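My notes follow the order in which I looked.

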Amino acid sequence: MMTVATVLSCLLPLASTLALAFSGERLGPRASTLIGVGSVGLAALATAWALLAYSGASQSVTLWTWVSVGDFQPTIGLTVDRLSLVMMGIITGVGFLIHLFAAWYMAGEAGITRFYAWMNLFVFSMLILVLADNLLLLFLGWEGVGLCSYGLIGYYYQDEANNWAAFKAFIVTRIGDVFLALGMFLIFVEIGSLDIGQVLDQAPRVWAEGSATANIAALLILGGALGKSAQVPLHTWLPDAMAGPTPVSALIHAATMVTAGVYLIARLNGLFLLAPDVLLLVGVIGAVSLLLAGFAALAQTDIKRVLAYSTMSQIGYMFVALGVGAFDAAIFHLTTHAFFKALLFLSAGSVIISCHHEQEMGKLGGLWRQLPVAYAGFLVGGAALVALPLVSAGFFSKDEILWQTMAADRAGLLIAGLLGAVLTGLYTVRLILGIFHGEPGSHHARHPEPGKNLFTHHLPLIVLAVLSTFLGAWLYPGLGELFPAAPGEAADTGHTLLQVLATGAVIAGLALAGWLFLMRRQWLHSVVEKGAGARCWTLLNRAWGFDALFKWGLVRPWQWLVHGLRCDFINRGMNLLALIARVGNAGLVRTQNGRVRTYACVMVLGVTVILISLVLTRGGGT
Amino acid sequence: MILLWLILIPFFGGLLCWQAERWGQQAPRWIALGTMLLVLAASLVLWIGGDFSPPGVSESPWLLEWRVPWIPRFGIEIHLAMDGLSLILVALAGLLGALAVLCSWNEIVERVGFFHLNLLFIMSGVVGVFLALDLFLFFLFWEAMLVPMYFLIALWGHSGSPGQTRIRAATRFFIYTQASGLLMLVAILALVFVNYSNTGVMTFSYNALLNANVPDGLAFWLMLGFFIAFAVKLPVVPFHGWLPDAHAQAPTAGSVDLAGILLKTAAYGILRFAIPLFPEQSQAFAPVAMTLGLVGIFYGAILACGQQDIKRLIAYTSISHMGFVLIALYAGSELAMQGAIVIMVAHAFSSAGLFILSGQLYERIKTRDMRLMGGLWGRIPTLPGLTLFFVAASLGMPATANFIGEFMVLFGTFDNAPEVVIIASAGLVLAAIYSLLMMQRVHFGGEYSQGRLAGPDAREYAMMLLLIGLTLAVGLYPQPLLDTTASMVQPVVALFTDSAGLAAQAEEVE
């Protein structure tokens, strides 16, 4: 029963994609929306059915053998266990709410059919990613979500900047994907299978803990995870990806796709435990990313870019959790983050549409009275983001991460996490104050048109708001038995101390934010206006200049190379042969000048040469 | 006999088309389409009825075989044979031949009869190449493919940039392939004479020459003769000079045939002749061949990014894709070699799709210059979406045949030559760059000019849907294809790896 429900929840979005893609332009916006939203709603129901039918044991279903040559026998097969069920719940559940909201957000846009075709293909690919029982099929989902992300970032295709953002997202993540592919090659050659269960089973027998090959394999897979999950140094695509419609940012670039890297590492935990150094590196990269993004979020003016950097920062927390071996905590934070970040993005979307596509913080402001629903969404989502103690979902999951970090004795990671909490408080308060308080910065902000539709506008926001409170944290089933014991299970003292510390960090962040943005507003403005303050602002605004690094380190050299080779110099080289033939031809043509004297002369010369050579060879012979 | 008919049907069909022009413009088109479909149907019937399990020791490795003496004095026979690989390729040729006829339905309006005669003569030559087992006969068909292709480019082609006439492109194509064909002829003759002096029997028979005892040094040169002939056609950098011009300036049907079938004759030649005739030398040559493959992947990709002519861009991507094939053929593993065959099929679909689409685009906007395109997504219904599919296939998106092929090659090669795979994998990023750049320049961005253009009509849509269906079918369930070719590939791989083993033993003895 469970497998039927699972397959069904995959097939429904796929079927609707096909229906939408091949409809030509026959389907109106209404029908497209109905098919697009309805199919994901049904998929969510199917997932609920699978959850109800779940007996506690994992189940597999092999649909067919994809390729079979010698040992190489990847299948099209799905495995359902608790981890994939949690992911399915997020993908179809949160996905459905976002689809529903999109019906409001996208109303009146051209190309609705294309929008839902891509969105549903995304849901399908993402489901395959989390359900695949072997790495090659996982890779299918992995690349599929990348392609859909490309199609949706570039949804407003008339603006060239959007297309280049889509292009950048695809290429940067593709660089990560190549590492993942190489990891698959290595795993297949060494272990002889791509089946995830078998790989995890066999790896400890083939590789000693800490062996070079295990380290390389884990590193390669980490490379793939970094690209998809926008962690340093492959993170530069995520802020630009905000060019897509806001529901896309909510679904793909906050709740699901960008957390695929976390899922991948959690799924292959056995492999990473064989490479403790790489696992630590995961944590360090997470810590670096969370700080880097936290600082960058402070200096953004576009509300979606603030949210993008905050996403990157929160995924950094998940990587920290993975890095200390607390896989359960990472997935816990993944879940709550999916709820509250989707809420924040949808609320942002509500603001953006109400203010006629205005998303610059400077041009918004003072909206709290006119847009109460979005304001409430931001307050609840923001509370979860800063991990407001006890009432918010984010508190429980972030606390778990910090506690595991402490229990694992990683002081550096813990300090980064606490500092990150302060930063989160700062940028969240700045964001909410910038949108909803102070003076309206433009005509659109003075006269917003609030969303009124109960079903497509209010409902998704309300449900996500409820999920972003402690109720959402309670919903998380816990995956402890799937993973090896987390460090926190052995330790039992200090948890209270940590909670005090974490609460302190949150309050410090909020208090600092209140003081800075309410009391010292003018002073802050004057600081970033000129001198060192302005340079600092630019540096943070450009997120530490990684883009420039890539531009001058990779993109420009590549363009020079393309430009330099454009003439196809190897081909030119082959043309030399033709040139030689032509020169030879010209030379020989000269000899045919029509004068008998020349011909006779040449003839005599030739005869003499032949005779001399004959005499010489004869002479040599005798 | 049926093998002979597979060659003769397109030949007579071509003559008929030529004469049928007097009945009107449509007659040659329908006759040509019918003939192509007949070839396709015949090969499909053979495929369904065929048994492709590995043959027993005493059984013939051929599904069908037909031989009659031709010039007994020199031991030349008309010896045709078909196994799984040749069957697949003949079917592919029939399919793409039909598409070539369909895609020029409105494009070609002058000398329609003669045009289809050339198309069908190409088909005849290609089928001959895939079926001929006598080396002399093989050479004959190999050369016979060129002439109609030359006419196709020279008479119905487009002019390129100023100074690049279609005649020039056609001549260049002809000289490249002709010159390399001569090298192969020399190699064939030398092989025959060495065999003659060893055994006293003058024969051009493939089976006999497989066991020819050629001295090692000479064998290497002969292998090189075969290799270069095939390398020009594949094409391998630095012998690729003919390809961009020929592709860009050929009519759509010519590009489809060139990319879809003619390039595959080269890979077929390596698989059927160069490696089995000279396994040890091929084994020794493998590092060089793989390096050339890598160079091709990168060089083709870099040049593709720099093109402004959409057909030249696609042409350079072919060089890049064929680099993977070359690596796979010399990787010495069944997985990689099977992968090479899948790439051949996949590339036939995806490049045919892209060429046909750029032909349809040309019919609408009368240019191939991407600087004059942009923003077409909003101006033409459906066509951009179709393009996106083939672009995704070309960059190796999973679920397409191209992905299966490339990844089988990479998986299969990693064991023997991990460094080659590591470098080649970077080509996957480059494939994404050039493929998406094309999308970017042609279909996205601001609209270069105004006005809505017609979407694909039923004929154009049907061709695309067929190719999409096939690409997905092979991408999701390639097993029927792999099972068909397995019994052909396994012995070649065994020869290759055995000779590696022998070489290693010899070194140990020394």
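**Entry 1: chain A overall.** I note first that this is a predicted model. I counted secondary structure in chain A and got 28 helices and two strands. I then took the extent of the C-alpha trace of chain A along its principal axes, which is about 110 × 60 × 55 Å. Of the 622 residues in chain A, 54% are buried. I also looked at how far apart in sequence the contacting residues are. Among contacts in chain A with a separation of 6 or more, 82% join residues 24 or more positions apart.

Entry 2: I checked the UniProt record, an unreviewed entry, and it lists residues 1–21 of chain A as "signal peptide". In the model, that span of chain A is 95% helix and 0% strand. Its end C-alpha atoms are 30 Å apart.

**Entry 3: Gln202(A).** I found Gln202(A) in helix α7 of chain A, residues 196–206. Is Gln202(A) buried, exposed or partly exposed? I counted 17 other C-beta atoms within 10 Å, so Gln202(A) is partly exposed; a buried residue would need 20 or more. Setting aside neighbours within four places in sequence, I list Ile191(A) and Ser193(A) as contacts of Gln202(A). I also took a distance to Thr65(A), which is 137 residues away along the chain; the C-alpha atoms of Gln202(A) and Thr65(A) are 21 Å apart.

**Entry 4: Ala338(A).** Ala338(A) sits in helix α15 of chain A, residues 327–354. Ala338(A) has 29 C-beta neighbours inside 10 Å and therefore counts as buried. Which residues does Ala338(A) contact, leaving aside neighbours within four places in sequence? I found Ile90(A), Val94(A), Ala255(A) and Thr256(A). For Phe550(A), 212 residues away along the chain, I got a C-alpha separation of 30 Å from Ala338(A).

**Entry 5: α16(A) against α18(A).** Two packed helices are described by the angle between their axes and the distance between the axes. I took both for α16 (residues 372–385) and α18 (residues 411–436) of chain A: the axes come within 10 Å and cross at roughly 175°. An angle over 145 degrees counts as roughly antiparallel, so α16(A) is roughly antiparallel to α18(A). From α16(A), the residues that meet α18(A) are Tyr375(A), Phe378(A), Gly382(A) and Leu385(A). Their counterparts in α18(A) are Thr424(A), Thr428(A), Ile432(A), Ile435(A) and Phe436(A). I sorted the residues of this contact into six nonpolar, three polar and no charged.

**Entry 6: chain B against chain A.** How many residues does each chain give to the contact? I counted 44 from chain B and 40 from chain A. On the side of chain B that touches chain A, the elements giving two or more residues are α12 (279–305), α14 (334–365), α16 (401–414), α17 (418–442) and α19 (479–509) of chain B. α17(B) gives the most to that side, with 10 residues. By type, the residues on the side of chain B that touches chain A are 30 nonpolar, 12 polar and two charged.

Conventions:
Residues numbered from 1 in each chain as written. Chains lettered and ligands numbered in written order. Predicted model: local features only at pLDDT ≥ 70, side-chain atom pairs only at ≥ 80, totals over all residues. Helix = DSSP H or I, 4+ residues; strand = E, 2+ residues; numbered from the N terminus. Buried ≥ 20, exposed ≤ 12 C-beta atoms within 10 Å, placed from the backbone. Contact = placed C-beta atoms within 7 Å. Nonpolar A, V, L, I, M, F, W, Y, C, P; charged D, E, K, R; others polar. UniProt positions renumbered as here; feature names shortened; annotations may be inferred. Axes fitted to C-alpha atoms, helices over the stretch in contact; angles between N-to-C directions. Parallel < 35°, antiparallel > 145°, perpendicular 65-115°, else oblique.
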